[in-house]
Amino acid sequence: MTATHLAGCSPSSSRPDTSAPSQSAATTGSNVKRVLLAYFSRPGENYSYGGRTDLKVGNTEVLAQKISQLITCNTYRIRAADPYPHDYDATVKRNTREQDTDARPAIEDRLPSLDGYNTILLASPIWNVRAPMIMTTFTEALDFRGKTVHPLTTHAMSGLGTTERDYAASCPGATLAEGLAVRGEQVKDADDEVGQWLRRIGLAAR
């Protein structure tokens, strides 16, 4: 894989949420951490083990499904106002252009309020070593002061990429904490990895 590859997708037939924040389980008790899981995921033609696969649900959405089944959280899907192409190579070209111009792609839906949340999970694929630029659109538009931010990524080879550095810059006043990187082709089988990470960061799996 070269630096311009996008992470692959894994198949799934379900959708965990709508574009608006949704409660995955009831929150009770004043000492319970309130968690928002915000994620961007792209379906369509994707990289997979050196080739291409055409899948309906992106890896990051699969990862978001797993997390929302294991913890109490609200979810918000970040959707591009101008959707990314179905074609893999066209998406690579668009992402390269957006990175080169430091673009801020518009988000389709009304942004959530972060009021009342203690912890924010920011999940995305890694494209060309960093999160898609729409993640910066999201983080720069909101006030993360006093929040704990955990980066999550699905990737082909780049792990967390530059997410820790980028979110530190675009979420001033937040505490950047331990992230999780899952290889895209393996995300559907990552239940144990996800559960162990959630326990390490104090969001114990149910």
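Me: Contact means that heavy atoms lie within 4.5 Å of each other. Leaving aside its neighbours within four places in sequence, with which residues is Ile-120 in contact?

Reply: This is a predicted model, in which local features need pLDDT of at least 70, side-chain atom pairs count only at pLDDT 80 or more, and totals for chains, interfaces and linings use all residues. Residues are numbered from 1 along each chain as its sequence is written, and side-chain values use heavy atoms, with hydrogens and water left out. With neighbours within four places in sequence set aside, Ile-120 is in contact with Leu-36, Leu-114, Phe-144, Lys-147, Thr-148, Val-149 and His-150.

Me: What percentage of the residues in the protein chain is buried?

Reply: A residue is buried under 20% relative accessible area, exposed over 50%, and partly exposed in between (1.4 Å probe, protein chains only). Of the 206 residues in the protein chain, the buried share is 53%.

Me: Which residues of the largest nonpolar core touch the most other members?

Reply: A nonpolar core is a set of buried Ala, Val, Leu, Ile, Met, Phe, Trp, Tyr and Cys residues joined through side-chain atoms within 4.5 Å. The largest such core has 23 residues, and those touching the most other members are Ile-78, Ile-120, Leu-122, Phe-138 and Phe-144.

Me: From which element does the largest share of this core come?

Reply: Two or more residues of this core come from each of strand S2 (35–39), S6 and helix H3 (133–140). The largest share, three residues, is that of H3.

Me: Does Met-135 count as buried or exposed?

Reply: Met-135 lies in helix H3, where seven of the eight residues are buried. Not counting residues up to four places away in sequence, Met-135 touches Phe-40, Ile-78, Leu-122, Ala-123, Ser-124 and Tyr-167. Because its relative accessibility is 0%, Met-135 counts as buried.

Me: Which residues of helix H5 are buried?

Reply: Helix H5 spans residues 191–200. What covers its buried residues includes helix H1 (59–70), strand S6 (119–125), strand S7 (148–155) and strand S9 (180–183). The buried residues are Val-194, Gly-195, Trp-197 and Leu-198.

Me: Does Tyr-49 count as buried or exposed?

Reply: Tyr-49 lies in the loop between strand S3 (44–48) and strand S4 (51–55). Its phi is positive, about 50°, although it is not a glycine. Most residues other than glycine have a negative phi. Because its relative accessibility is 54%, Tyr-49 counts as exposed.

Me: What is the phi of Asp-102?

Reply: Asp-102 is found in the loop between H2 and S6. At 46% relative accessibility, Asp-102 counts as partly exposed. Its phi is positive in a residue other than glycine, near 55°.

Notes. Helices (H or I, at least four residues) and strands (E, at least two) are DSSP runs, numbered from the N terminus.
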